[in-house]
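This report concerns the fold of one chain and the packing of two of its elements. Please consult the sequence and structure shown here before reading on.

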Amino acid sequence: MKEPGLDTRHREKNGEISRKHGQTLVGTLRKHYGAAFAPHFKDTDTLSDVLGNPDEPSLTKLFKDRYAGGLVSKITKRVEFRFGEDSDGSPAVWITIVANADLHPPEAKIEALRRAAEALRTDVLNSENKRWPYVQIKTE
Amino acid sequence: MTFPRDLLNQAALLANKEPARPKQASLRRAVSTAYYALFHLIIEDSANTLAPSSPAGLRRVIERAFQHGQMKTACKKFLEADIARQKGHQTALPAGVESIITFPLNPDLTNVLIAFVDLQEARHKADYDLSDQWNRLDVLDKILMARQAFAAWSNVRRTPNAAVLMSALLFSKEWHR
């Protein structure tokens, strides 16, 4: 069965989407995610543009798809973000991975979320977004 | 390096202090302690690199000169410069500083820079912002981030780029004059 989401040839062995895919066109992504994907963007905009100015449903879809079938996808409910200023007054974006509540998370779960958080941060840092990305985890 | 390592271990103890219902006080102190573990690890190495061992006590005086906000800004500028260079853009670093940094930055150094910025912001939230509740998963993630930064730092602390960074943490504000 074909792996859902971005074409399998675009995946690294660890399931991550490499940096070059920031150039993937929104039009291409809509073929996978449907016409409603990233509604504020044109077909000719890139994934990097979306990550720089994300909307929550699109970011959640991208995030869950990246880890499709894996632990992170199973424990992640959604991805949220909000814009603001950080403690020193610099523009920032807080990206929140909302996960299932777990009082005694196994190490594998923490490590998987850690890797996912850093991959997400790297995407945003390498996008056209000018806000500093802070990644946090919420549970519910 | 005993003190920073002890702080890191203490952060983990605090995060797991109440097995059933973790108290916000424990979780918040755990986040704060994880940040201070990394902070002390870096300023101790920086003082040892930047100041001679004699007279005794000089390095401790140097350590007191490091400022949290300035360190965070310096880390951000390094990372932003690395990203700008990868995109073929100009960096915001003074030319003299940029010319002595080797790009792209080692991923271990990048990990330390990101962890420092993230943990400092988390510490600020943990210590001053009571509007949000912390959960154990997030706190353990921050502690793991600090632990990985410790390991990454041990790989790069003797490199020329780390030497520039350690100088920048203390002096970068003056470099733009």
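This is a predicted model: local features need pLDDT of at least 70, side-chain atom pairs count only at pLDDT 80 or more; totals for chains, interfaces and linings use all residues.

## Overall dimensions

Along the principal axes, the C-alpha atoms of chain B fill a box of roughly 55 × 45 × 30 Å.

Of the 177 residues of chain B, 41% count as buried. Among the contacts in chain B with a separation of 6 or more, 74% are between residues 24 or more positions apart.

## Secondary structure

Chain B contains eight helices and zero strands. Its pattern along the sequence is accordingly written α-α-α-α-α-α-α-α.

## Packing of α2(B) with α7(B)

Two packed helices are described by the angle between their axes and the distance between the axes. For helix α2 (residues 24–50) of chain B and helix α7 (residues 136–156) of chain B, the angle is about 10° and the axes lie 9 Å apart. Because angles under 35 degrees count as roughly parallel, α2(B) and α7(B) are roughly parallel to each other.

On the side of α2(B), the contact is made by Leu27(B), Ala30(B), Val31(B), Ala34(B), Ala37(B), Leu38(B) and Leu41(B). On the side of α7(B), Arg136(B), Val139(B), Lys142(B), Ile143(B), Ala146(B), Ala149(B), Phe150(B) and Trp153(B) take part. The residues of this contact of α2(B) with α7(B) comprise 13 nonpolar, no polar and two charged.

Definitions and conventions
Residues are numbered from 1 along each chain as its sequence is written. Chains are lettered from A and ligands numbered from 1 in the order in which they are written. Axes are lines fitted to C-alpha atoms, for helices over the stretch in contact, and angles run from 0 to 180 degrees between N-to-C directions. Helices (H or I, at least four residues) and strands (E, at least two) are DSSP runs, numbered from the N terminus. Angles under 35 degrees count as roughly parallel, over 145 as roughly antiparallel, 65 to 115 as roughly perpendicular and the rest as oblique. Two residues are in contact if their C-beta atoms, placed from the backbone, lie within 7 Å. Ala, Val, Leu, Ile, Met, Phe, Trp, Tyr, Cys and Pro count as nonpolar, Asp, Glu, Lys and Arg as charged, and the others, Gly among them, as polar. A residue is buried if 20 or more other C-beta atoms lie within 10 Å of its own, exposed if 12 or fewer, and partly exposed in between; C-beta atoms are placed from the backbone.
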